[in-house]
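Please keep the structure in view while reading.

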Amino acid sequence: MSNLKVAVIYYSSTGTNYQMARWAEEALKEAGHEVKVARAQELAPAEAIAQNPAWEQHLEETKDVPVATPDDLDWADAFIFSTPTRFGNVPGQVKQLLDQGGGLWAQGKLVNKVVSGMSSAQNPHGGQEETVHALYTTMMHWGAIIVPPGYSNEVIFSSGGNPYGTSVTVDGEGNMQEDIEEAVKHQARRTAEVATWVKNGQQ
């Protein structure tokens, strides 16, 4: 059986979820899978971005990262989404991509895709879990197979203990408050493991 095709899709204004996406990519590539990292299209006006130097800098530094499209959703066997919280929900940038999946959804092409989600917020109770839940609500409508990390590895406890998807608290300077690298990599490997079972079962 061929290795998996995994799309790691993120939105990041100042770099946290970009880093999480890269950690997931690293773990997946180490396992021999084909990985595409893509970013949700930035929708914020230039004048808003310019008011935050870190946001402006990160956008410039990642300008060569491909923008995620419905074609990536069609291509992949599995998705890993990494997204900050916006009032307990996914940002508009991510929601726009999900909404663009309507054509694939209508054709049944998103059924049995395997998915897992990660998030971040400025404080532990700032919507990290709700953001992952919101993402998973869309995945349920797609008929996707959701793979949460649960407490499937002791690293989940040391990284904050979120069983829905790895999440991190980020201070005002952009510093992660929990050590989540190994939790992200475990979640990526677990997602790929389940996706492999699904892909094998369909062949």
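Strand β4 pairs with strand β5 (residues 145–146) in the parallel sense through two bridges; helices (H or I, at least four residues) and strands (E, at least two) are DSSP runs numbered from the N terminus, and two strands pair if DSSP finds at least two bridges between them. Between β4 and β5 the chain passes through helix α7 (residues 128–142), and this β-α-β crossover is right-handed, which is to say that, with the strands pointing away from the viewer, the path from the first strand over the helix to the second runs clockwise. Valine 115 has isoleucine 146 in β5 as its bridge partner. The model is predicted: local features need pLDDT of at least 70 and side-chain atom pairs count only at pLDDT 80 or more, while totals for chains, interfaces and linings use all residues. Residues are numbered from 1 along each chain as its sequence is written, and side-chain values use heavy atoms, with hydrogens and water left out.

Strand β3 (residues 78–84) runs parallel to β4 and is joined to it by seven bridges; threonine 83 has serine 119 of β4 as its bridge partner. Strand β6 (residues 167–169) also pairs with β4 in the parallel sense, over three bridges, and there alanine 121 stands opposite threonine 169.

Is β4 buried or exposed? Eight of the eight residues of this strand (residues 114–121) are buried, so β4 is largely enclosed by the rest of the structure; buried means under 20% relative accessible area, exposed over 50%, and partly exposed in between (1.4 Å probe, protein chains only). Both faces are covered, with Val114, Ser116, Met118 and Ser120 buried on one side and Val115, Gly117, Ser119 and Ala121 buried on the other.

The aromatic residues come next. Four aromatic pairs occur in the structure; rings of Phe, Tyr and Trp (its six-membered ring) pair if their centres lie within 6.5 Å, and planes under 30 degrees apart count as stacked, over 60 as edge-to-face and the rest as tilted. One of the pairs joins phenylalanine 79 and phenylalanine 81 edge-to-face, at 6.0 Å centre to centre and 65° between the planes. Phenylalanine 79 counts as buried because its relative accessibility is 0%, and phenylalanine 81 is buried at 2%. Ring pairs link Phe79 and Phe81 with Trp142 into a cluster.

On a 1 Å grid over the protein atoms alone, a cavity is a set of points where a 1.4 Å probe fits but cannot get out, and a pocket is an open set with protein on both sides within 12 Å along at least five of seven lines; lining residues have an atom within 4 Å of a point. Grid points are joined across faces, edges and corners, and a volume is the space filled by probe spheres set on the points. The largest pocket holds about 640 Å³, and of its 25 lining residues Ser13, Thr14, Arg86, Gln122 and Val170 are the closest to its centre. α1 (16–30), α3 (53–61) and β4 each supply at least two residues of this lining.

The second largest pocket holds about 240 Å³. α7 and β6 are the elements that give two or more residues to its lining. The largest cavity holds about 80 Å³, and α3 gives the most to its lining, with three residues.
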